[in-house]
Amino acid sequence: MNILILGGRAPVAVHLARILSMHSVYIADRVSLAKNSMAIKESLKIVSKPNKNIEGYLKEINGIINKNKIDIVIPTCEETIYISMIRDKLQCKVLVDDFQKILTLHNKYEFIKLCDMLGLKTPKTEIYRKDAFIKITNKSIIKPIFSRFGTFVKVINNTNEIVINEDNKYIIQELIKGQQYCTFSLVKEGNILLHVNYKTKHAIGMGTSIYYEYCESNRLKDIVSKIVKELNLSGQVAFDFIKFDNDFYPIECNPRSTSGLTLIPYDTDIIGAFINGEKIKVDKFNITSMKTNMFLHGIFKGKFLNKEYRNDYKNSRDIVYDGKDKMPFLNQFWVVLYFLILSLIYRKSITGITTFDIEYNGD
């Protein structure tokens, strides 16, 4: 089978390519970690920015599909939202559901409304408008309705502390104090085929995990099952939860790949299972990390003084490095340099600039 993976800049795309290496894998993006990887047949460049030129983006992808006889397209990063918009115009199968479903999950306010409707416990969440009166009695979080990586998230005590970008819409959400958990699932027509849970044990900023270790939780899987069944969802989906008072509060959703996928071993044919609608049994999950980030965090934040942190660093496998496939690890330095230069040109954070051309913000 010929497979096209989009979002080659994302570390999870490298892991996905290695999982699918029993097929002929192509990877495409403006810049790619997987270039010259042993897991892929070819790395292809996409010039068009979907958030600026969706027609040009569609034309480029269809050109790749036709030239390489692609059977299925798998988006992994923020381009997923745009692929859901144009999926009926792509000339092969696509591992993503329709735009309205994806938008409901991507929109942080609509997602909470969906969870409320399903009877799940959720933090109190309101749309923030300057002309509306909102009373804040407890610590809260303000964040854009469309955002990623925990960027622009701020903890506030009252509305006087609010500073916003007028171009974005925001929500104010009750701050639930507790342990953050994340999930990643592969689903088809509302049924879970593959599912993992992990705690946010080591993180940068407002909960951006850099360490991934499977933990068992039937309750988390039940909540995810309830949501995906309601939407009759197909594709990849990831959720963030806060555990409080012995239950899990859904906080937000990423309707795409996340690094939770790296818990899955390389010898798992997830595409074959997806096409046939088969549940995937995993005997042993990986323990992985963004090891470069963990190293820098350990050095500059003094985390290596903690024995547990040192052991987790030592015992986890880097999500990019592989002794039999070293090029993606080497490529990451050039990819970081590329985005660093762009961050200086556009005066954006290095995190924010990584999705500048593919992110969807309600346009």
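I took contact to mean heavy atoms within 4.5 Å. The model is predicted, so I kept local features only at pLDDT of at least 70 and side-chain atom pairs at pLDDT 80 or more, while totals for chains, interfaces and linings use all residues. Residues are numbered from 1 along each chain as its sequence is written, and side-chain values use heavy atoms, with hydrogens and water left out.

Entry on Leu 20. I looked up its contacts, not counting residues up to four places away in sequence, and found Ile 3, Ile 5, Val 25, Ile 74, Asp 269, Ile 270 and Ile 271.

Entry on the core. A nonpolar core is a set of buried Ala, Val, Leu, Ile, Met, Phe, Trp, Tyr and Cys residues joined through side-chain atoms within 4.5 Å; buried is under 20% relative accessible area, exposed over 50%, partly exposed in between (1.4 Å probe, protein chains only). The largest such core has 47 residues, and Ile 5, Leu 20 and Ile 270 have the most contacts inside it.

Entry on aromatic pairs. I counted rings of Phe, Tyr and Trp (its six-membered ring) as paired if their centres lie within 6.5 Å, with planes under 30 degrees apart stacked, over 60 edge-to-face and the rest tilted. That rule gives 18 aromatic pairs. Phe 244 and Tyr 249 are edge-to-face, because their ring centres are 6.1 Å apart and the planes stand at 65°. Phe 244 is partly exposed at 39% relative accessible area, whereas Tyr 249 is buried at 13%. Tyr 338 and Phe 339 are also edge-to-face, at 5.0 Å centre to centre and 75° between the planes. I noted Phe 339 as buried, at 4%.
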